[in-house]
Amino acid sequence: MVRGPSFKPTPGSLAGRVCLITGCNSGIGYETAKALAEAGATVLFACRSEQRARIAMATLLEESKASGVLEKQLHFLPLDLSSLSSVRRCAKLLEESNLEVQTLVLNAGVMLRSRALSEDNFEMTMASNHLGHFLLVQLLLPHMLASESRGGQPRIVVVGSNLCYMPDVFDFSEVVAVKDEREKRDFMAKPYELFRAYPQSKLANLLFTKELASRLWRQGSRIPVNCVHPGEVLTEISRDFHPAIVWLYGVFRPVCFALFKSQQQGAVCSTFLGSV
């Protein structure tokens, strides 16, 4: 694979802009957060693990010391996208903080090797990769539209994957909340494949992006909504693969470095669309 170019917005060009990035304690999300912060933006680390988020924030401050990134630019927001109540709490905390999000980067994602249910009884991959993000947008969109009406330039970036093209059709039977123990038992007994569940969730991301952009345009809004494929990137998303695959991944990691994009290169699209 040919490695892509790197991109960083001009230092100071994003001063005063508030950017919320989900799952940015590592990988593409971290590199996006770093690039936006170095351009002067205030970055909200919307992550499930506060410990990992704060370690990432401390690392960013150390790595970007020469770029003038300040501690006051980085904030933590607790967010577990597999929990709809957690998404609502995150939106509430954001409202109470008086920080007006102008760039929303929906970056977080999981690839799970076995079927599981979220606390809301949705399939876990779909809940984490799509449903939580869907609700977050619905909760923040009125504020972003208000910002646009006052002359702001809000934008929404969805980090997708070209694996969304694997399914022939979208399987709506996987986007249901099981209601009782019998339904739960039947749902958990259904066949499950990682490379079916993940592409379905990414297809949901793509369809959502297209429909949201269309609806905003029809109502007169010019908030750009884009879905990006970062390319083949070495990240932690494969951490839940079968142990044998994880072991092989580690063995061939030097080869992967030569063939895959770096995390910084994988963040080019989300950084570009979140800053221009």
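Q: In this predicted model, what meets in a salt bridge with the side chain of Asp186?
A: Side chains of opposite charge can pair when their charged atoms come close. Here the partner of Asp186 is Arg182, at 3.4 Å from N to O.

Q: How many residues apart are Asp186 and Arg182 in helix H5?
A: An α-helix has 3.6 residues a turn, so residues three or four places apart point the same way. Asp186 and Arg182 are four residues apart in H5, which puts about one helical turn between them. Asp186 is partly exposed at 41% relative accessibility, and Arg182 is partly exposed at 48%.

Q: Where does Lys8 lie, and where does Glu38 lie?
A: These two residues form a salt bridge, with 3.2 Å between the closest N and O atoms. Lys8 is in the segment before S1 and Glu38 is in helix H1, so the bridge links parts 30 residues apart in sequence.

Q: Is Glu38 buried or exposed?
A: Buried means under 20% relative accessible area. Glu38 has 12%, so Glu38 is buried. In helix H1, twelve of twelve residues are buried. They pack against several elements, including strand S1, strand S2 and helix H2.

Technical notes
Residues are numbered from 1 along each chain as its sequence is written. This is a predicted model: local features need pLDDT of at least 70, side-chain atom pairs count only at pLDDT 80 or more; totals for chains, interfaces and linings use all residues. Side-chain values use heavy atoms; hydrogens and water are left out. Buried means under 20% relative accessible area, exposed over 50%, partly exposed in between (1.4 Å probe, protein chains only). Helices (H or I, at least four residues) and strands (E, at least two) are DSSP runs, numbered from the N terminus. Contact means heavy atoms within 4.5 Å. A salt bridge is a side-chain nitrogen of Lys or Arg within 4 Å of a carboxyl oxygen of Asp or Glu.
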